[in-house]
Amino acid sequence: MPEDPQGRSDFSRLPHESVQRLTRPLARFLRIEAVAAAVLLFFTVAAVGLANSPWAEAFLGVWETPMGLQIGSLAFVRSMKDWIGDGLMTLFFFLVAVELKRELVLGELRQPRMAALSVSAALGGMAVPAALYLLLQSGQPGEAGWGVVMSTDTAFVIGCLALLKSRIPQSLRVFMLSLAIVDDIGAILVVAIGYGHDLSWSALAFAVVGLAVVRLMALVGIRSIALYILAGVFIWFAVDRSGVHATISGVLLGLMTPTGRWVSDERLYGILDRVIAYPAGNEGSGDTRDRQSLRLAETAARETLAPAERIQIALHPWVAYLVMPLFAFANAGVSLSPGDLGGSISVAVFVGFALGKPAGILAFTWLALRLGAMRPPELEWKLLAGGGILAGIGFTMALFISNLAFDRSLLDQAKLGIFLASLFSAAVGLAFLFRVTRQKNRAS
């Protein structure tokens, strides 16, 4: 039995479990943001290696295996690769939307002048790369891929910043995270608008009804996670049938997730006082007063966290360590050919990310400051430039959009451009920030 320093039994903590010997180190492991980028990098390298090995045909063929179900005339059958991109990646987009809403309501983006800086930088980081890409690909077969160069990979960028540890101010991490979230939302809108199919208005109507039901459930106080999951699956199928990309359902549901708490701290403490007032007795194992109080306390403790916060805590490890690596493993396999290095699409993608991203971010940041946006004093222009270079790492969403924008004959060129631009941006951005922070430390 645990004891406090005075030797008294300590019942204020949960009892020790043997499994904690595994879960506690794992929890510390998962808290390190750089690990998500490392896992993603591992599966990316593995996919590229297998795609250029004697097992390439078998490896790439696995992802084309058809999967699904058919009910009467309704058939939901697609390849394993498509289920990952359309199904599992919905969780990624859902999490991005939840994070954006939390930032807008509770985080840095709730302050309009602070938000203006990140939003403007994100807009510049989308518009300038797309413009450069279109300039290079105008009238050519790869013209439809302008959306590929608009996204920033959140996991890799945050992972790179984690390598710098305390050398950089926290404000740069917040700026880059906010920028990447807005960037992802912009890329999602590009998917919905630029790469959708012919619309089915009846399916869209079903999706709208589903969203209205979810909103009504929240208003009347329904808190069953199972019911919301069922509603979410219905909405996903409706959106998938509508011609709009199915992952948009994740964005809509994420933005609808409440950020307010149902139980306040004061009410929680009142309920805990009730638990203390009715300690466990010898009333048997039925529905006794003390057991009712404990169940009430369990619910109250859970509901002191807003739904958005609970979902983020529960879902983030699964998305970071399962969904995104699996997506990379299924999509990053590209046959490396020296002939593709000078391909027009590879060059356009590289220029869009490596040059367009930092140029757009810095230009629109300067414009936002001129118009009244607010910049933290420690967030110097050199740090912003380094962050802008890192923003050229456009891996996950770039691969996602390239699968929609290009046919198989052009896809390898696009993937090669994405890889080269991401490697260049990571190496140059990290080297630049190391040099800037080293000079600053010497000067101080």
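This report describes charged residues in a predicted model, their salt bridges and their surroundings.

## Basis of the model

Because the structure is a predicted model, local features need pLDDT of at least 70 and side-chain atom pairs count only at pLDDT 80 or more, while totals for chains, interfaces and linings use all residues. Residues are numbered from 1 along each chain as its sequence is written, and side-chain values use heavy atoms, with hydrogens and water left out.

## A network around arginine 78

A salt bridge is taken here as a side-chain nitrogen of Lys or Arg within 4 Å of a carboxyl oxygen of Asp or Glu, and by this rule the count comes to three. Arg78, Asp86 and Asp240 are linked in a network of such bridges. In one of the contacts, aspartate 86 pairs with arginine 78, and the closest N and O atoms are 2.8 Å apart; both of these residues are buried, a word that stands for under 20% relative accessible area, with exposed meaning over 50% and partly exposed in between (1.4 Å probe, protein chains only).

Arginine 78 also meets the side chain of aspartate 240 in a salt bridge, at 2.6 Å from N to O. This pair links distant parts of the chain, since aspartate 240 lies in helix α9 (residues 225-242) and arginine 78 in strand β2 (residues 74-79), 162 residues apart. Helices (H or I, at least four residues) and strands (E, at least two) are DSSP runs, numbered from the N terminus. Both aspartate 240 and arginine 78 are buried.

## A bridge between two helices

Lysine 357 forms a salt bridge with aspartate 183, in which the closest N and O atoms are 2.6 Å apart. The pair connects distant parts of the chain, with lysine 357 in helix α14 (residues 344-370) and aspartate 183 in helix α7 (residues 170-194), 174 residues apart. Both lysine 357 and aspartate 183 are buried.

## Charge at the surface

Arg167, Lys382, Arg435 and Arg438 gather in a patch of positive charge on the surface; a patch of this kind is made of residues with over 30% relative accessible area and no salt bridge, like charges being joined within 9 Å. Within this group, lysine 382 has its place in helix α15 (residues 381-390), and lysine 382 is partly exposed because its relative accessible area is 47%.

Arginine 223 is found in the loop between α8 (201-220) and α9, and arginine 223 counts as partly exposed because its relative accessibility is 31%. Arginine 223 and proline 307 are 84 residues apart in sequence, and their C-alpha atoms are 9.4 Å apart in space.

Notes:
Patch = residues over 30% accessible without salt bridge, like charges linked within 9 Å, V, L, I, M, F, W, Y side chains within 5 Å. Areas by Shrake-Rupley, 256 points an atom, 1.4 Å probe, with all protein chains shown as cover. Lys, Arg positive; Asp, Glu negative; His and termini not counted. Charge placed at Lys NZ, Arg CZ, Asp CG, Glu CD.
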